[in-house]
Structures are given as C-alpha cells and as structure tokens.
Amino acid sequence: MDKKISGDTVKWGILGVGDVCEVKSAPAMQKIPHSTVTAVMRRNGEKAKDYAIRHGINTWYDDADALINDPNVNAIYIATPPNAHCELTLKAAQAGKPIYVEKPMARTTAECEKMIAACQKAKVPLYVAYYRRRLPNFEKLKSLLDEGSIGDLRMVRITLHKTIDPDIVANITSNMPVNWRTDPEVAGGGYFFDLAAHQLDYLDYVLGPIKTVVGHAANQAGLYQAADIISSSFVFESGVQGSGTWCFTVDSVSEKDELVFIGCKGQLRLSFFGAPELHIEKSDRSAETLTFELPHHIQQPLIQTVVDDILGKGNCPSTGKSAVRTNWVMEEMTKNYYLK
C-alpha cells in the first residue's frame, strides 16, 4: 500500500468546526498516533478562534481557501452541512490533499459523482464518515451474518419513527428552517437524509449494494419543506429483500428505532441510534442480548482506518465509491417528492 502524503503525520485542516467536532470526530484526530489537527476554519472567525483555543490548536481561519492551501495542512476534513461538501471537496482535491467528508456525502448523487471524479483526477483519496462500519456492536452484527448464525438471510427491516422534538422542528412561520437538516437546499432531503444515510450505508456494508428501489415520500405535517414520512421496499444484488419506514411526526407512544435481520434460523435485532445492544433470537434457544461499550469519540475507530490508509498501513472501509450508492438509494426512495 502506498502513502498518500509525504511525511509520517497526517496534519488535518478542518472546515466547519461545529457540534460534530466537539466530541464525535476532531478530538480523535488529535489522539490517534501520527495524526494531529493543524488548523480549523469557520465562517465566523471568533467561533473558529474559540474552538482552536479550547482544543489546543494554533491556527484558525474564517476562509476555506486559506485553510485548504495552508502548506502545513496535508489532509482535509469537511465537517460542514452537505450543501458545501461538493464545492469544498473539489477545492481540496485540486490542492492535492486527501479528504474525509461528513455524511451524507453530498445532497445529490450527481454531486457525489462530481466529487469522485475530481478526486480520481487529482489522485487523492476520498473517505466518508459512515463510522458505524467500525463500531463494535455493528462489527459483531456483521460477523454473525457472515458466519450464518441465523441461516440464510431472507429479509431486513428498518423502522425509524420519531416525535417532533423542539430541537429538530423547523420554524413554521419562516421559509428558512431553524434546523438546517430540514431544509432540502442545505441537507438534500431533510431528517431522512441525515439519519437513514447511516442505516442504508450500513446495509450496503454488510449485504452489498441495493439494485432496485421503490419508495414513497411525502410531507404530512407541513412543518418544513423536507419530506417527513418515507416508506420503501428494496432488493439487494444478492436477492435479499428489504423494507423500511421513516416518520418524524409521530406521537411518543409510536416511537421506534429498530433494525431487524431475518434469516431462516432466527433473527438479529438492534436499535440503530439507541443503546449499544444486539439481540439474538432463535426458536431453538433462549434469547441472548449482547452489550457493547462504544468509544468516547464515536468516529475514532473509522478515523483510525483513514489515517492508516493515508499512511499506507491499512484500508478504510468507507469511501466515496461506497457512499455514492447510499445517496442513490435515498434519491430513489424520495424522488416522487423531490423530483415531482
């Protein structure tokens, strides 16, 4: 494996040091051997400076181009909302620097493909922050599926039903949502794109690509512009069938977060965004629940693979090539709403 940078340390420059960079991701970049955060950027320079001071980083910017072209930075982490992912990736690729971008990869499949093409042309790697591919509970689930613990897999079912919580509801008196995740112009496809992206990427990881998708999306509550209910059926290249329902306007008694793999000899079940537990259920034995401890910096295991890949010491399992498939699936599920 070849190194993707000169030198033996990945020196990160971070674009958009918002909430995700406080605990989930950026601190891991400072703890992983041969990795450090060299510079950070926000459009609000005072907030960039505040972040830098609190996290022991010497350099901050309020201009993305300045950070991308900083000679002391040799890798770029794009932690902005999705509407900036494509433009910033193209600039970072032109600068010849490896790129780690938040999920979803971009707002549209077309933007994802543009990002991939730019990185291929510049010969720089592109990684995407689908970090569940390296969390212990999801790794264990994959190993159980791979070893055939529930026999031949028949189907997979996703259920994600959430209430309208104050911190995620758009301002219904304004054309601009309070939460950018519910603005399709910023996020691509609302809360669905933000959360289902993780679920669908994980299914791609453990079961391979989805080949056919049928979906129905709508906005029932009228609280924001994005779709707030989606239902879908889909089929993987392997022949395994899947279904999913996502709704973000239910009563608390209807809340549910569940991913179920159903085989001919039992099923595996877990909460995707909840407690790190894995339930193994078979008719010939007592149900078993496995519990896991998650890392404090939740993205650290995946970022470790990114650093290893950049330094020529390993491979990262989440790339632009895999992530674009998830964007395509989400677009197929919601195209009746967004492309009408």
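A word on the source. This is a predicted model. Every value I quote is computed from it.

Let's start with the six-stranded sheet. The sheet is open, and the strand order is β3-β2-β1-β4-β5-β6. Pairing is parallel. Which strands sit at the edges? They are β3, residues 59-61, and β6, residues 126-128. Each pairs on one side only. Neighbouring strands are turned by 25 degrees against each other on average, with direction ignored.

Look inside that sheet at β4 and β5. Strand β4 covers residues 75-78, and β5 covers 99-101. Three bridges hold this parallel pair. Ile76 has Ile99 of β5 as its bridge partner.

Lys97 sits in the loop between α4, residues 85-94, and β5. Is this lysine buried or exposed? Its relative accessibility is 9%, so Lys97 counts as buried. What does its side chain reach? The backbone oxygen of Ile68, at 2.6 Å. Beyond its sequence neighbours within four places, Lys97 contacts a set of residues including Asp70, Ala75, Ile76 and Val124.

The peptide bond from Lys103 to Pro104 is cis, and omega is near -15 degrees. Pro104 lies in the loop between β5 and α5, residues 109-122. As background, most peptide bonds are trans.

His34 has a positive phi of about 65 degrees, although it is not a glycine. His34 belongs to the loop between α1, residues 26-31, and β2, residues 35-41. With a relative accessible area of 42%, His34 is partly exposed. Lys123 also has a positive phi, about 60 degrees, and again is not a glycine. Its place is the loop between α5 and β6. Lys123 counts as exposed, at 74% relative accessibility. Again as background, most residues other than glycine have a negative phi.

Strand β10, residues 241-247, shows both senses of pairing. With β7, residues 153-161, it runs parallel, over seven bridges. Arg157 stands opposite Ser243, and Ile158 stands opposite Gly244. With β9, residues 229-236, β10 pairs in the antiparallel sense, also over seven bridges. There, Phe234 stands opposite Gly242. β9 and β10 form a hairpin with four residues between them. Gly239 in that turn has a positive phi of about 100 degrees.

Asp228 is in the loop between β8, residues 210-218, and β9. Its relative accessible area is 1%, so Asp228 is buried. Which backbone nitrogens does the side chain of Asp228 reach? That of Gln220, at 2.9 Å, and that of Ala221, at 3.0 Å. Leaving out residues up to four places away in sequence, Asp228 touches several others, among them Trp246, Cys247 and Phe248.

Last, the helices on this sheet. α6, residues 136-146, and α8, residues 190-207, pack at an angle of about 40 degrees, with axes 10 Å apart. The crossing is right-handed. From α6, the contact uses Phe138, Glu139, Leu141, Lys142 and Leu145. From α8, Tyr202, Tyr205 and Val206 take part. By class, that gives six nonpolar, no polar and two charged residues.

Conventions:
Residues numbered from 1 in each chain as written. Predicted model: local features only at pLDDT ≥ 70, side-chain atom pairs only at ≥ 80, totals over all residues. Heavy atoms only, no water. Pairing = 2+ DSSP bridges. Helix = DSSP H or I, 4+ residues; strand = E, 2+ residues; numbered from the N terminus. Axes fitted to C-alpha atoms, helices over the stretch in contact; angles between N-to-C directions. Left-handed = near helix turned anticlockwise from the far one by under 90°. Contact = heavy atoms within 4.5 Å. Nonpolar A, V, L, I, M, F, W, Y, C, P; charged D, E, K, R; others polar. Buried < 20%, exposed > 50% of the residue type's maximum accessible area, 1.4 Å probe, protein only. Polar contact = N/O pair within 3.5 Å; in protein donor to acceptor, adjacent residues only side chain to side chain.
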